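Q: I'd like to learn how to read strand pairing, disulfides and confidence in a model. Can we go through one together?

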Amino acid sequence: MNAKILCGAAIAALVASAPAFANGGDFFEELNATWSAANNADEGRSYFGFVKDTKGKIVPNVSVSATTASGSTFVVQSDAHGHYRIPGFSKSVDATKVAVTCSKPGYKLVARDRRIMRTAPKAPIETDCILAPDGTGKPAA
């Protein structure tokens, strides 16, 4: 019986020490990974976020594109957790004017939630996409 109590206490301690996740990811880990890689003198702010449906469920394998005002585009695919990361364009690009869009066959983009940390000018920009079925009932060909 003591072994059960000890095992339960060990599991509770592990759960209590787990990091807190916002939007299904660790925002501070994202910041750390981005800022430590941001020492490249030519690289501007990066972009990251999550893709979910209107009920809050993750939508994996979504095409996510970031397009500058001059028309340069960088495209990535979200992972199985709906997370994506896009590296920064050059520092000459105004990161606040980069448009991030998400698309997947069978879905339509219904909303984007963009967060910019104004107190930290080099912080990555988070843009979460909300998709809804497009009504066709099947992915587009």
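Predicted model: local features only at pLDDT ≥ 70, side-chain atom pairs only at ≥ 80, totals over all residues.

Q: In which sense do strand E1 and E7 pair, parallel or antiparallel?

A: The general idea first: strands of a sheet pair through backbone hydrogen bonds, and they do so either parallel or antiparallel. Here E1 (residues 47-53) and E7 go the parallel way, with 5 bridges. To see one of these on screen, pick phenylalanine 48, whose bridge partner in E7 is glutamate 126.

Q: And how many bridges link E6 and E7?

A: There are 8 bridges, and this time the sense is antiparallel, with E6 covering residues 107-115.

Q: Is E7 mostly covered or mostly open to the outside?

A: Mostly covered: of its 9 residues, 7 are buried. For that label, the relative accessible area has to be under 20%.

Q: What does the disulfide in this model join?

A: In general, a disulfide is a covalent bond between the sulfur atoms of two cysteines. Searching the whole structure turns up 1. Its ends are cysteine 102 and cysteine 129, with an S to S distance of 2.0 Å. The link is right-handed, at 65 degrees about the S-S bond. Cysteine 102 sits in strand E5 and cysteine 129 in strand E7 (residues 125-133), so the bond ties together parts 27 residues apart in sequence. Both cysteine 102 and cysteine 129 are buried.

Q: You mentioned E5. Which sheet has E5 in its strand order?

A: An open sheet of 3 strands, ordered E3-E2-E5 with antiparallel pairing. E3 (73-77) and E5 (99-103) are its edge strands, so to read them, look for pairing on one side only. On average, neighbouring strands in this sheet are turned by 20 degrees against each other, ignoring direction. Between E2 (residues 63-67) and E3 you can trace 5 bridges; among them, threonine 67 has threonine 73 as its partner in E3.

Q: Which element has the lowest mean pLDDT, and which the highest?

A: pLDDT is the predictor's confidence in each residue. Helix H1 (residues 2-16) comes lowest with a mean of 44, while E2 comes highest with 97. Over residues 2-23 the score stays under 50, and the model gives that stretch 9 contacts beyond four places in sequence. For the protein overall, the average is 78, with 67% of the residues scoring at least 70.

Key:
Residues numbered from 1 in each chain as written. Heavy atoms only, no water. Pairing = 2+ DSSP bridges. Helix = DSSP H or I, 4+ residues; strand = E, 2+ residues; numbered from the N terminus. Axes fitted to C-alpha atoms, helices over the stretch in contact; angles between N-to-C directions. Disulfide = S-S within 2.5 Å. Buried < 20%, exposed > 50% of the residue type's maximum accessible area, 1.4 Å probe, protein only. pLDDT = per-residue confidence, 0-100. Contact = heavy atoms within 4.5 Å.
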